[in-house]
Amino acid sequence: METVPPVFLEHHGPVKAQLTLTGPSAHYFHLKSSAIYIYASQEDMDKGKLIKEVKLENCVAIPSAQPTDFDIEFQDYTIACSVSSLRSKLTWVSMINSASLELSVHHAEHLKVLDQDVQQQLFNLEYEHLLETIKEFTGTEEPPKQKIVPAPEFPRSRGRQRSVYNGITCVNYNVGSDGIRQIFNINSITLQKWVERLTDQHGPDPDFAAFAIHCYRHICDPEQLMELLIERMHVDVPQTDYLYKWRSIIKLRVISFVCLWLRLAWSPDFVAPQNRQLLDKFLSCVPWPESIKPEPYEKLIVKTFARLGDHIHAIITKMERSYAARTLLADEKHDKAQYNMLTVDPHMIAFELTQKDHANLQAIKPLQLLVRLWQKESDPIIAQEIQPITDLINSINTTSFWVATEICTQPEIKNRVKMVEQFIKIAKECRKLNNFNSTMAIVSGLNLVSVSRLKSTWEQVDPKRGKQLAELESFLSPAGNYKNYRQQLSELDALEFKIPILSLFVKDLFFTNDGNPQYTDKVDEKSLKLINLDKLIGLYKKASSFCLEQRRSPPAKPPGDYQEANNAVHNMRALKEQPLYKYSLLCEPKQGDNETLRLREKWMQQ
């Protein structure tokens with residue numbers, strides 16, 4: 001299950017809303033990106049007959065005490081909305097807040113406390129939704145009962161960490177252009193407060209949870225996060241605190257978060273034996289603790305937690321098997337086949353390179369890009385997790401040395417010239433396909449010293465091809481931090497297929513990571529530090545957007561026989577630097593190097 005960044009959210013459905021003074025009337029809302037498009041009906045939406053467009057800029061969707069009502073509050077007005085069910089209400093509130101502020105946290109001091117009946121409804125709704133999600137993921141309707149031994153003691157957390165500690169706030173919010181604090185958009189927060197917000201009482205936010213699962217490694221390790229979550233499962237608050245009425249829902253939301261964590265990040269977080277033990281500890285805390293007396297309305301839901309333990313165990317079993325199967329999968333093998341790079345169609349080579357790069361990029365997930373930033377590649381588990389990135393980087397290097405090898409292993413100068421011109425044509429076609437990754441790899445190969453030193457060869461290259469290469473080199477010039485390349489990339493339509501230069505994107509991630517502090521401030525000298533959440537949100541959005549772009553299909557191949565082009569792309573002959581340079585010397589020996597001249601004569605005879 002892959003999570004899409006909130007900026008790409010889309011949702012639609014019937015809503016009764018008061019848009020005029022005449023009172024609430026039936027409408028059809030279509031939320032897309034950061035605006036709601038309002039129609040009289042779904043039929044009108046299909047026809048494009050728009051009543052009103054509402055930009056979601058610094059607005060807040062606030063649930064009311066009525067199970068199906070909520071308000072969308074703007075600075076100057078409010079839209080009162082009513083939907084068909086509590087589930088629909090929660091979905092709209094989450095979607096609107098996420099789309100409005102790109103990454104939301106459903107917590108606000110002025111939200112009204114719902115009564116116990118609504119709390120019971122809310123618990124049942126979330127419980128059934130979680131159960132459906134787990135069953136769909138595991139494919140198991142009723143998993144085997146597990147002998148889960150409850151923990152003898154349950155660590156507990158406070159209901160809330162104080163928002164102000166020693167005069168410094170534990171959570172800070174971004175301020176909109178209108179000067180109003182955006183209560184759903186946090187820019188810095190303590191770790192304890194972050195865990196609290198991930199599992200708070202005002203509404204689940206799967207996007208914020210997925211963001212945390214991707215980015216927490218910059219702040220703590222899995223053990224520390226799991227310990228905080230286990231503490232959070234049993235909120236220790238005074239009986240008079242209204243949070244007491246919410247503790248069963250908070251416990252359920254902790255379990256929901258961990259279930260999402262298992263599915264999104266089994267590897268690298270739970271593969272190591274010591275981390276696998278964390279799950280055993282968590283499972284022992286899932287049943288309702290005997291030391292905590294349930295309230296009357298909680299007695300009906302105590303058994304549900306025992307049932308959830310069996311389902312969570314089913315997730316763990318599936319993830320263990322999936323990971324074991326993944327480690328046994330061998331790379332796709334291609335039969336060694338002959339090809340002639342002098343005769344193969346450059347258009348076909350460009351299409352095959354594009355399909356290969358696209359397949360490699362699709363294997364990369366946002367989690368892998370972020371893990372590579374913060375964890376050591378020397379760890380075998382981490383190395384395996386980021387293998388798709390490593391494979392693609394190796395593939396780019398292989399392509400560059402393949403270009404040089406094909407040129408430098410041609411004894412006759414006329415064939416070397418043809419080979420140089422052939423690769424210039426291929427690079428030009430790759431650029432037409434917006435495959436900037438292979439364009440860079442080929443141009444880099446043409447600029448390797450083993451090729452660039454072949455003066456006699458370059459003198460005979462068609463001036464037209466030489467001009468095309470110069471244009472490509474200018475386009476990919478590192479001047480101004482690759483200004484020309486970045487400008488063309490930004491000018492492409494957002495939905496247009498493109499393969500960016502991976503090495504440059506990875507470099508940008510490292511620059512963002514190293515150029516921004518991990519923490520914005522210290523609350524005290526021991527452990528309370530304000531996490532720079534703005535930094536993490538920026539990195540998460542970049543990684544997610546990059547991977548989202550690779551879902552678009554490459555252009556369809558024109559008709560033709562691509563077998564030879566496929567053979568060439570999947571069976572690249574790529575010498576290493578030292579033997580490659582020796583071949584380069586055989587092609588054009590240094591003046592006065594009699595030994596190389598002798599070897600060249602022998603090579604030409606063969």
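## Basis of the description

A residue is termed buried when its relative accessible area is under 20%, exposed when it is over 50%, and partly exposed in between, with a 1.4 Å probe and protein chains only. The model is predicted: local features need pLDDT of at least 70 and side-chain atom pairs count only at pLDDT 80 or more, whereas totals for chains, interfaces and linings use all residues. Residues are numbered from 1 along each chain as its sequence is written, and side-chain values use heavy atoms, with hydrogens and water left out.

## The loop residue Asn435

Asn435 is located in the loop that lies between α14 (413-432) and α15 (436-446); helices (H or I, at least four residues) and strands (E, at least two) are DSSP runs, numbered from the N terminus. Because its relative accessibility is 0%, Asn435 counts as buried.

The side chain of Asn435 reaches the backbone nitrogen of Ser438 at 3.1 Å. Apart from neighbours within four places in sequence, Asn435 is in contact (heavy atoms within 4.5 Å) with Leu353, Thr354, Asp357, Cys430 and Ile499.

## The antiparallel sheet

An open sheet is formed by 7 strands in the order β4-β3-β2-β1-β7-β6-β5, with antiparallel pairing. From one strand to the next, the twist averages 35°, where axes are lines fitted to C-alpha atoms, for helices over the stretch in contact, and angles run from 0 to 180 degrees between N-to-C directions. Strands of a sheet pair through backbone hydrogen bonds, either parallel or antiparallel.

Two strands are taken as paired if DSSP finds at least two bridges between them. Strand β1 (residues 10-17) pairs with strand β2 (residues 25-32) in the antiparallel sense over 8 bridges, and Gly13 has Phe29 in β2 as its bridge partner. β2 also pairs with strand β3 (residues 35-39), antiparallel over 5 bridges; here His30 is bridged to Tyr37 in β3. A hairpin is formed by β2 and β3 with 2 residues between them, and Ser33 in the turn has a positive phi of about 60°. β5 is joined to strand β6 (residues 69-73) by 4 bridges, and the two run antiparallel. The bridge partner of Pro63 is Phe70 in β6.

## The enclosed helix α4

Helix α4 (residues 191-198) is largely enclosed by the rest of the structure, because 7 of its 8 residues are buried. The buried residues are Leu191, Lys193, Trp194, Val195, Glu196, Arg197 and Leu198.

Technical notes
A polar contact is a pair of N or O atoms within 3.5 Å; within protein, one must be able to donate a hydrogen and the other to accept it, and residues adjacent in sequence count only if both atoms are side-chain atoms.
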